[in-house]
Amino acid sequence: MNGERFAQITGWGMCVPERVLTNADLAKVMDTTDEWITSRTGIRERRVVSDAKESTVTLAIRAGREALLTAALPPVELDLVIVATATPEYIFPSTACLVQDALGAVNAGAYDLSAGCSGFIYALSAAADAVRSGSADHVLVIGAETLSRITDWTDRNTCVLFGDGAGALIVSVRHERCGILASVLGSDGSGGELLILPAGGSHAPASHETVSAGEHFIKMNGREVFRFATTVMPRAAESVVRKAGWHLDDLKLIIPHQANTRIIESAVKRLSLPPERFFINLERYGNTSSASIPIALCEAIDEGRISSGDKLALVGFGAGLTWAAVAIEWGVPLPARPQPWYRRVFAHVFFFLAGLRSTARRSARRLYHVVAGPVGRPGLSGRIRKAADRLQAWLRR
Ligand code: UT7
């Protein structure tokens, strides 16, 4: 063992909503057909959140919990939580902070990352940098989306493409050479308007006009994005492999962003690799943006497509425009050793207690505000004020 630090993937988890929306369901409510969607995209069905109780944060929490369980890592050990998303719970606070709180990751910093469908790879690269530099030992990286909430269900050009879901990885420090060994990040903001949510930001805050013009929905120039994707995907894969010091043929598996089988087939051709080295599951989930790659990785693991020592590339592209790739040498023996039942029970008790802690802190803050009012306001006096202020300071720790 030496002192060099490597960023290893030690845990993984995914979560998709239960509700399935098939191409046939869509064909009942709009001018489309299963044949058109399947032949042009490869998508047969997608998952969508069903009610107000499900959102980006609930999917992210469930995927995050699974990843912590597979890594057998207590949430208090996390140093950082990064959530890549184009559909955050709010503009602020960050979705990552809500996830941090729900998981009881009390020692972690948290932030969201926006890089369109490449977001998860950007986040993974940031996590690996944090681990290798020594600023973090354990990072939870999540890609989570509820694209159904920003989809125009009357626009057949876009609504047939997207789905909801979340995937998560734990990146932990190890001292043997393995894990995330290279990354490539790229961007071209001149193509920003090709895939855009026009309103809701500082450029066009929400108003009656923006809502009635449908500007809070995804707008996409599909053909241009298609052209861009078929160019950058193979290029990003080639350059990350070169950066890792490998040859393309060394790759056991490529996990591409799951947007369209025709885009993936074009990459297969350009890279001259056998098609079976590309993992595809978009027929069941559609394009889940930043969640698509971690969900695909989890399913590749479940299907036994990855073994210890395998060389993998994850490659994404998306809004921004952005593209990104990471090269990974898999270091964890698979199939993962099943967790003893008591460890799962203990973890669930911890998550329950983290929820209670969060509720208690929120309630105490509200109570303080009602009883004591803002600091300096006359009302409470002497010892009671001091005790209330002390409680408030403790809550802020
Ligand atoms: O994560 C990144 C996000 N985005 C992407 O990756 C999307 C990249 N682009 C694509 O995947 C493809 O461009 C699409 C799947 C979006 C479209 O496929 P295409 O082969 O490029 O179709 P097209 O845009 O050339 O449209 C062909 C025709 C049009 O009719 P006209 O104008 O030729 O009469 C569309 O109106 O297909 C029509 N069309 C549909 N027909 C039935 C578009 N959507 C539908 C639909 N059902 N759902």
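Thr56, Val57, Ala60, Ile61, Gly64 and Arg65 in helix H3 meet Thr95, Leu98, Val99, Ala102 and Leu103 in helix H4. Two residues are in contact here if their C-beta atoms, placed from the backbone, lie within 7 Å. By class, the contact of H3 with H4 holds 7 nonpolar, 3 polar and 1 charged residues. Ala, Val, Leu, Ile, Met, Phe, Trp, Tyr, Cys and Pro count as nonpolar, Asp, Glu, Lys and Arg as charged, and the others, Gly among them, as polar. Helices (H or I, at least four residues) and strands (E, at least two) are DSSP runs, numbered from the N terminus.

This is a predicted model, in which local features need pLDDT of at least 70, side-chain atom pairs count only at pLDDT 80 or more, and totals for chains, interfaces and linings use all residues. Residues are numbered from 1 along each chain as its sequence is written.

**Helix packing**

The table lists the helix pairs with their axis distances and angles. Axes are lines fitted to C-alpha atoms, for helices over the stretch in contact, and angles run from 0 to 180 degrees between N-to-C directions.

| Helix pair | Axis distance | Angle |
|---|---|---|
| H3 and H4 | within 10 Å | roughly 50° |
| H8 and H9 | 9 Å | about 45° |
| H4 and H12 | within 6 Å | roughly 115° |

The axes of H3 and H4 cross at roughly 50°, which makes H3 oblique to H4. Angles under 35 degrees count as roughly parallel, over 145 as roughly antiparallel, 65 to 115 as roughly perpendicular and the rest as oblique. H3 and H4 cross in a right-handed sense. A crossing is left-handed if the near helix is turned anticlockwise from the far one by less than a right angle, and right-handed if clockwise.

H8 (residues 222–243) and H9 (residues 261–271) pack at about 45° and are therefore oblique to each other. Their crossing is right-handed. On the H8 side the contact is made by Phe226, Ala229, Thr230, Met233, Pro234 and Ala237, and on the H9 side by Ile263, Ser266, Ala267, Arg270 and Leu271. These residues divide into 8 nonpolar, 2 polar and 1 charged.

**Domains**

Domain 1 covers residues 6–329 and domain 2 covers 341–395; such bounds come from an automatic or database domain assignment. The centres of the two domains, taken over C-alpha atoms, are 36 Å apart. Domain 1 gives 9 residues to the contact and domain 2 gives 10. On the domain 1 side, H3 (56–71) and H4 (95–103) each supply at least two residues. That side consists of 6 nonpolar, 1 polar and 2 charged residues.

H4 also packs against H12 (residues 341–372), with axes that come within 6 Å. Asp101, Ala102 and Leu103 of H4 meet Phe351, Ala354, Gly355 and Ser358 of H12. The classes in this contact are 4 nonpolar, 2 polar and 1 charged.

**Ligand shell**

The ligand is surrounded by 21 residues, the closest being Thr32, Arg156, Gly222, Phe226 and Ala259. A residue is near a molecule or strand if its C-beta atom, placed from the backbone, lies within 6 Å of it. Two or more residues of the shell come from each of H2 (34–41), H6 (156–159) and H8. H8 gives the largest share, 5 residues. The shell is made up of 10 nonpolar, 8 polar and 3 charged residues.

**Backbone features**

Phe92 and Pro93 are joined by a cis peptide bond with omega about 5°. Pro93 sits in the loop between strand S4 (80–84) and H4. Another cis peptide bond joins Gly320 and Leu321, with omega about -5°. Leu321 belongs to the loop between strand S12 (311–318) and strand S13 (322–329). Ser272, a residue other than glycine, has a positive phi near 50°. Ser272 lies in the loop between H9 and H10 (282–285).
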